[in-house]
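Open the model in your viewer and keep the sequence panel beside it. The tour goes from one selection to the next and says what is found at each stop.

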Amino acid sequence: MAMADVVEATLAGMGFELVEARASGGGRHLSIFIDRPGGVTVDHCAEVSRHLARVFEVEGIDYDRLEVSSPGLDRPLRKAADFARFAGSKVDVRMRTPDASGRRRFTGLLRGSDGGVATVQVEGRDVALNVDDIERARLVPNV
């Protein structure tokens, strides 16, 4: 079982969502980004880190450093469920390929997601974006 699959299954049992799992340094440094409704605290990160360390030992996942943190205010959106959950938030979306007008980047108010299509209000008009064609999407922090 892949490291991300182990992490996702473990987190689900703890009431957390896996936002992203990355391995760097030849797989020796693991970075895990978690979220849950209501947000993530430092204590949550410590609890998840301790639990994952035990799970990785049992699963035989070898690493030197494990880092568990929240995704931050500019949280990435990856799954269709993310686009539904964060409806009403400002987002910045970059598509893999440009639309008919040559545009690849859309910043606006996320209206929601239905059937794998996210709707973003950009400059007063709704734009339908296929979630599978999104290269990168992030929340835009309200500052």
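Helices (H or I, at least four residues) and strands (E, at least two) are DSSP runs, numbered from the N terminus. This is a predicted model, in which local features need pLDDT of at least 70 and side-chain atom pairs count only at pLDDT 80 or more, while totals for chains, interfaces and linings use all residues. Residues are numbered from 1 along each chain as its sequence is written, and side-chain values use heavy atoms, with hydrogens and water left out.

Stay with residues 3–14 (helix 1) and helix 2: their axes come within 11 Å and cross at roughly 130°. Axes are lines fitted to C-alpha atoms, for helices over the stretch in contact, and angles run from 0 to 180 degrees between N-to-C directions. That makes helix 1 oblique to helix 2 (under 35 degrees is roughly parallel, over 145 roughly antiparallel, 65 to 115 roughly perpendicular, and the rest oblique).

Next, show side chains. M3, V6, V7, T10, L11 and M14 of helix 1 meet E47, V48, H51, L52, V55, F56 and E59 of helix 2, where contact means heavy atoms within 4.5 Å. By class, this contact has 9 nonpolar, 2 polar and 2 charged residues (Ala, Val, Leu, Ile, Met, Phe, Trp, Tyr, Cys and Pro count as nonpolar, Asp, Glu, Lys and Arg as charged, and the others, Gly among them, as polar).

Zoom in on residues 17–24 (strand 1) and 29–35 (strand 2), which run antiparallel and are joined by 7 bridges. E17 stands opposite D35, and A23 opposite L30. The two strands form a hairpin with 4 residues between them, and G25 in the turn has a positive phi of about 60°.

Is S31 buried or exposed? S31 is buried, with a relative accessible area of 8% (buried is under 20%, exposed over 50%, partly exposed in between, with a 1.4 Å probe and protein chains only). Leaving out residues up to four places away in sequence, S31 touches E20, A21, R22 and E67.

Finish at P37, in the loop between strand 2 and helix 2 (42–59). P37 is exposed, at 69% relative accessible area.

Terms used
Two strands pair if DSSP finds at least two bridges between them.
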